[in-house]
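Q: Got this one open in the viewer. Can we go through the cross-links and the charges?

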Amino acid sequence: MKPKNQPIFLVTLTLAFALLLTGCSQGNVNDAASAIQAYFEALVSQDEALLVNSSCAEWEDDAILELDSLAAVSVSLENFSCSEAGQEGEARLVACTGNLIADYNGEEQAIDLAERSYIAVQEDGEWRMCGYR
């Protein structure tokens, strides 16, 4: 004879296991390279709220200026990826490859993202874009 509470126990155990796996899988989602990638994806989608949220407080005005400079063109990313390239104090340096493609009425201009090092800092427990050089 099976205990009456066995189905409830199995459902509870399954849910607990699923939550545990979800928590473990999200450990590397918010790293410095992912923050820079999120910034560029927000820039391309012209999502001002997401762009500002992906930026450190010091960079927010610059982020909006970058967004405004691309407002009249169609923008996309080509062969884009980022990875951590070093550390500078509390900041992380991020190197990206690929191009930001700006389409000016059918004339494409490629901006090589590898020409700069991007700076990510942690604010409120999250990595955020905070400039480049």
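This is a predicted model: local features need pLDDT of at least 70, side-chain atom pairs count only at pLDDT 80 or more; totals for chains, interfaces and linings use all residues.

Q: How many disulfides does a search of the whole structure find?
A: Two, a disulfide being a pair of cysteine sulfur atoms within 2.5 Å.

Q: What does Cys56 join to?
A: Cys130, with an S to S distance of 2.0 Å. The pair links distant parts of the chain, 74 residues apart: Cys56 is in the loop between α3 (48-53) and α4, and Cys130 is in strand β5 (residues 126-132). Helices (H or I, at least four residues) and strands (E, at least two) are DSSP runs, numbered from the N terminus.

Q: Why is the disulfide of Cys56 and Cys130 right-handed?
A: The torsion about its S-S bond is about 65°, so the Cys56 and Cys130 link is right-handed.

Q: Is Cys56 buried or exposed?
A: Cys56 is buried, at 0% relative accessibility. Buried means under 20% relative accessible area, exposed over 50%, and partly exposed in between (1.4 Å probe, protein chains only). Cys130 is buried too, at 15%.

Q: And which cysteine pairs with Cys82?
A: Cys96, the sulfur atoms being 2.1 Å apart. Cys82 sits in strand β1 (residues 74-88) and Cys96 in strand β2 (residues 91-104), 14 residues apart.

Q: Switching to charges: how many salt bridges?
A: Three, where a salt bridge is a side-chain nitrogen of Lys or Arg within 4 Å of a carboxyl oxygen of Asp or Glu.

Q: Which residue does Arg133 bridge to?
A: Glu88, with the closest N and O atoms 2.4 Å apart. Arg133 is in the segment after β5 and Glu88 is in strand β1, 45 residues apart. Arg133 is partly exposed at 49%, as is Glu88 at 42%.

Q: What about Arg92 and Glu126?
A: Arg92 meets Glu84 at 3.5 Å, N to O. Glu126 pairs with Arg128, the closest N and O atoms being 3.9 Å apart. In that pair, Glu126 is partly exposed at 37%, whereas Arg128 is buried at 9%.

Q: Last one: which residues form the negative surface patch?
A: Glu58, Glu60, Asp61 and Asp62. Patch residues have over 30% relative accessible area and no salt bridge, with like charges joined within 9 Å and nonpolar side chains (Val, Leu, Ile, Met, Phe, Trp, Tyr) within 5 Å. Asp62 lies in helix α4 (residues 60-69) and is partly exposed at 33%.

Notes: Residues are numbered from 1 along each chain as its sequence is written. Side-chain values use heavy atoms; hydrogens and water are left out. Accessible areas come from the Shrake-Rupley method with a 1.4 Å probe; for residues, only the protein chains shown count as cover. Lys and Arg count as positive and Asp and Glu as negative; His and the chain ends are not counted. The place of a charge is taken as NZ of Lys, CZ of Arg, CG of Asp or CD of Glu.
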